[in-house]
Amino acid sequence: MASRLNPYLSFKDNARAAMDFYKTVFGGELTISTFGEGNMAKDPSEKDKVMHSQLVVANGYWLMASDTPASMGTPRPNGTVSLSGDDEAGLKGYWDKLSAGATIAMPLEKAPWGDSFGMLTDKFGVPWMVNIAAKH
């Protein structure tokens, strides 16, 4: 198997809702395992939290996420997920779907370097950047 670079997002307690949302954005196959299913719930109230989830999309995108149990403290910062390429319709479609309930830091529009670029933080607090390469 070839190596792969894929984001792994950390949530406090809404990984399932976030991954369900990302499935509506990107499509693909979503699998979810809970701490209870893995016999890893130290606190019975956290048995339904997501221990591991992954969204595998036909275009090669692979997004993973989990909830953070209280015993592990505050979730790790996520950083920013970047989508880029020259598929204008596809990337614009992702932007439009990610924008639902999002805070737009920079609208998706023509940037000084010639590409279309935008930044937002989705309704789950995950920052995204979208860069659509200019046609030459």
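## Burial and overall build

Of the 136 residues in the chain, buried ones make up 35%. Keep in mind as you look around that this is a predicted model. The accessible surface of the chain comes to about 7800 Å², and carbon and sulfur atoms account for 55% of that surface. Taken along the principal axes, the C-alpha atoms fill a box of roughly 55 × 35 × 25 Å.

The secondary structure consists of two helices and eight strands.

For E1 and E4 the sense is parallel, with four bridges. To find this pairing in the structure, look for Ser10, which stands opposite Ser66 in E4.

## A closer look at Tyr8

Is Tyr8 buried, partly exposed or exposed? With a relative accessible area of 31%, Tyr8 is partly exposed, because this value lies between the 20% limit for buried and the 50% limit for exposed.

Which residues does Tyr8 touch, leaving aside its neighbours within four places in sequence? Its contacts are Met51, His52, Met64, Ala65, Ser66, Arg76 and Asn78. With His52 there is also a polar contact between the side chains, at 2.8 Å. Met51 is 43 residues away from Tyr8 in sequence, and their C-alpha atoms are 12 Å apart in space.

## The sheet of E5 to E8

A second stop is the open sheet with the order E5-E8-E7-E6, made of four strands with mixed pairing. Its edge strands are strand E5 (81-85) and E6, and each pairs on one side only. From one strand to the next, the twist averages 10°.

Strand E6 (residues 103-110) and strand E7 (residues 116-121) run antiparallel and are joined by five bridges. Within this pairing, Thr103 stands opposite Thr121 in E7. The hairpin of E6 and E7 has five residues between the strands, and Gly114 takes a positive phi near 100° there.

E7 also pairs with strand E8 (residues 127-132), in the antiparallel sense and over six bridges. Ser116 has Ile132 in E8 as its bridge partner. Helix H2 lies across E5, E6, E7 and E8, and runs at about 155° to E8.

## Aromatic rings

Finally, let us turn to the rings. A search of the whole structure finds nine aromatic pairs. A pair of aromatic rings is described by the distance of the centres and the angle of the planes. One of the pairs is formed by Tyr61 and Tyr94, with 5.8 Å from centre to centre and 50° between the planes, which makes it tilted. Why does this pair tie together parts that are 33 residues apart in sequence? Tyr61 lies in the loop between strand E3 (50-56) and strand E4 (62-67), while Tyr94 lies in helix H2 (residues 88-98), so the pair links these parts.

The two partners can be compared by their accessibility. Tyr61 counts as partly exposed at 27%, whereas Tyr94 is buried, with a relative accessible area of 14%.

Definitions and conventions. Residues numbered from 1 in each chain as written. Predicted model: local features only at pLDDT ≥ 70, side-chain atom pairs only at ≥ 80, totals over all residues. Heavy atoms only, no water. Buried < 20%, exposed > 50% of the residue type's maximum accessible area, 1.4 Å probe, protein only. Contact = heavy atoms within 4.5 Å. Polar contact = N/O pair within 3.5 Å; in protein donor to acceptor, adjacent residues only side chain to side chain. Phe/Tyr/Trp six-rings, centres within 6.5 Å; stacked < 30°, edge-to-face > 60°. Pairing = 2+ DSSP bridges. Areas by Shrake-Rupley, 256 points an atom, 1.4 Å probe, with all protein chains shown as cover. Axes fitted to C-alpha atoms, helices over the stretch in contact; angles between N-to-C directions.
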